[in-house]
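Hi everyone, thanks for coming.

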Amino acid sequence: MSTPRKPSANRPSTDPAAPRNGTRSRGADGRFHADPTAATPEAAPAATHGEAPTATPGGGSAATPGGGSAATGSADAAGAGGAAASAGLEEVLDAAPPVEAPAPDLVDEPPAAEPLPEDRFLNRELSWLDFNARVLALAEDPRTPLLERAKFLAIFASNLDEFYMVRVAGLKRRLQAGLPVRGGDRMPLRTQLELVAGKAATLVARHSACFTDEVLPKLAAEDIRILRWADLDDPERERLRAYFREQIFPVLTPLAVDPAHPFPYISGRSLNLAVAVRDPDGGSEFFARVKVPNNVPRFVRVHRDLPGVRMLPVEDLISVHLGQLFSGMQVVECHLFRVTRNAEVEVDEDRDEDLLQALERELARRRFGPPVRLEVAASVSDHVLELLVRELDMHDQEVLRVPGLLDLSALWQLYDEADRPDLKDPPFVPATHPRLTEGEVPRSVFATLRDGDILVHHPYHSFATSVQRFIEQAAADPDVLAIKQTLYRTSGDSPIVDALVDAAAAGKQVVVLVELKARFDEVANIGWARKLERAGCHVVYGLVGLKTHCKTALVVRQEGNQIRRYCHIGTGNYHPKTARLYEDFGMLTADPEIGADLTDLFNVLTGYSRQTAYRRLLVAPQGIRSGLIERIEREIAHVRLGMPGLVQIKVNSLVDEKITDALYRASRAGVHVDLVIRGMCTLRPGVPGLSENIRVRSILGRFLEHSRIFRFGNDGDAEFWMGSADLMHRNLDRRVEALVRVSDPVARAELDHVLTAAMSPDVDAFELAADGTWSRRTGTAEEPRVHLQELLLRRVGGTAG
């Protein structure tokens, strides 16, 4: 097992076999062909292995602004040349077209640009809270199926937990350490924390009101009830008393607080009861804490043998039996509270030790991070709250009073246990991609890919019959020599990991880059790393100081006297369960250039390669920001020549200042910019003189919009890219990310359809205004707008099941 290495300096490769840049056209049969202007077959080795054209920072060729060859025609143009002859097992790569010197710049030097205004950036933390408010809006929408409303309430709660554990904790740490402000808006840290606290309190109040005043009564009307102890009849109470004695009482530990008993440690996100007791014969009050056990269900089923769902919060069951814990004492008051702690893990990767062991040690410390939020029941008395704030060493602005139930993330249990399909979204079964549908004669994925690329769109297309089948067939195929794959997150019973284990057992070379630092999946990934290593896989952890976030798989297969490489590059994780819930794209291809690029990328991740430029990839941290800005600037140049300019981007978040400024410059020049941003967006659209040509939308629904796709108009010869990177500092500077240029005409048409539909005036979406406020475009009762995900479900043909 390898520990991470330090990344090499950011400089071009000096290897004489450094990659060339550009794209190649496909023939009408979907296969790859050499360009008719390329070198002759006899000259192919020199073209392939000789000096490469000068690489641009974005990984494109200096021959054209877009990184493609000047000789590259339309994606479906037929090539006339033959492939170079191969000797032995060397893979056939089409000859590179000759590289011509760039044409002289025919555009007049533009006038000096007017400086961009200081207030052009929105605050990223407040923008994140706006995103969670959009999640809450789905829960508040009466058109959302009732149990789906409960689900969105649970998602809101889980999201807010993570926001405090990571983002708010980071702000507090920077403030305490005296570190400078980050972010384009330059808002002081203390001001940010104050605004976050106020906005979060408003959202929590809305959240609680939605549950208590709207969802809870409607659930009760459907015979799905969350009850209080007073609502139970005598037989129900007796049954739950027995459950308490047998299942809960033995694991409870009341902890007193007095001079002989210090205030106990409160673990992060645990539910706790603050209990005040006194001697019935008189005397002062005493304080004790009772932790609600996390190994019993939050909601206890009152009975399972009657229609409907009747549940009691476990904290209610404990509260009414406190007399058994404090025998001989009088319980004066009892209130629920919950602490959220800093959950960031800091590992010094420069130390000479095993990263896995270091991370395990730090994970053990995570539960002891400093507190960043205290949630209390709205009914808590002042003196109990004062004691909690003092003992936890917290400030008043870190306290959230919550009406009703705390920790509504537990509503997932209600959603799962309520067998009421009429109150949920209609079920569907993902469709197998038409190219992968097996006919009377089964055909391998490899044979299909030799006919052309396949773009799968999850969850509409099945993960099991596409990506999972690709890896499983590779593991079972005797002609496959090697499998190389990155794993960022995967499921608890991962068929992907099982296939890799089987491949290693069959004697194939299996290389797996497991990202140990995937937040909140660190423990699971440590387990996968050990399982894979025991099976004989080569397990590596990537580069020191960088997370490996790219979603890539490479299969090396012997076919006759040559080697062929098959690839998958995606926007989402190799996770069968989330592939049914997250919207993502994945491209399966046998394109030799992409295969060569992935080979080079894995050499960077596992070896000592210093490569930063690629043929068909943009790779962070060196190439994605510069590559995207280069293409935005090209659109500006086209507009100045009187041609149309278009930039369309669909990502999870847009925070990076340099890319945001490039988009502002594009808007000023007259380029039309469409942005579909699920989460944070710090760009202000629609500002006169700055961003009136920019539209920003956010689409949320039953599936988590997770894909990252990019389109550049390029004067009618559009460029499409897709991959793992969001437009944030962490993705562009501190992660290994990969975007791939999509050249297959069918795949390009599919990406075009999704981007065009997402910006259609007929689609239900949230829109961002210049002042930073979001509004929802839902249409009217007579003419409601259709949801993008519904359109895609109908188009792909997922079936109910």
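Let me begin with a term: a charge sits over a ring if NZ of Lys or CZ of Arg is within 6 Å of the ring centre and within 35 degrees of the ring normal. And please keep in mind that this is a predicted model.

With that term in hand, look at Tyr415: Lys424 lies over its face, at 4.3 Å from the ring centre. There is another case at Tyr164, where Arg373 lies over the face of the ring, 4.6 Å from its centre. Tyr164 also belongs to an aromatic cluster, together with Trp128, Phe131 and Phe163.

Now, how many aromatic pairs does the structure hold? The count is 10. As a reminder, a pair of aromatic rings is described by the distance of the centres and the angle of the planes. Take Trp412 and Tyr415: their ring centres are 5.8 Å apart and their planes stand at 80 degrees, so this pair is edge-to-face. For that call, the cut-off is planes over 60 degrees apart. Both residues sit in helix 10, residues 411–417, and they are 3 residues apart, about one turn of the helix. In general, an α-helix has 3.6 residues a turn, so residues three or four places apart point the same way.

Is Tyr415 buried or exposed? With a relative accessible area of 13%, Tyr415 is buried, because the cut-off for buried is under 20%. Trp412, at 33%, is partly exposed.

Strands 5 and 6 run antiparallel and are joined by 3 bridges; Arg301 has Met311 in strand 6 as its bridge partner.

My last stop is helix 17, residues 657–669. At 1.5 Å a residue, its 13 residues should span 18 Å, and the end C-alpha atoms are 18 Å apart, which agrees. Its buried residues include Ile659, Leu663 and Tyr664. What covers the buried residues of helix 17? Among the elements doing so are helix 16 (624–640), strand 20 (672–677) and helix 18 (729–733).

That's my tour, and I'm happy to go back to any part of it.

Terms used: Residues are numbered from 1 along each chain as its sequence is written. This is a predicted model: local features need pLDDT of at least 70, side-chain atom pairs count only at pLDDT 80 or more; totals for chains, interfaces and linings use all residues. Side-chain values use heavy atoms; hydrogens and water are left out. Two strands pair if DSSP finds at least two bridges between them. Helices (H or I, at least four residues) and strands (E, at least two) are DSSP runs, numbered from the N terminus. Rings of Phe, Tyr and Trp (its six-membered ring) pair if their centres lie within 6.5 Å; planes under 30 degrees apart count as stacked, over 60 as edge-to-face and the rest as tilted. Buried means under 20% relative accessible area, exposed over 50%, partly exposed in between (1.4 Å probe, protein chains only). The expected span of a helix is 1.5 Å times one less than its number of residues. Contact means heavy atoms within 4.5 Å.
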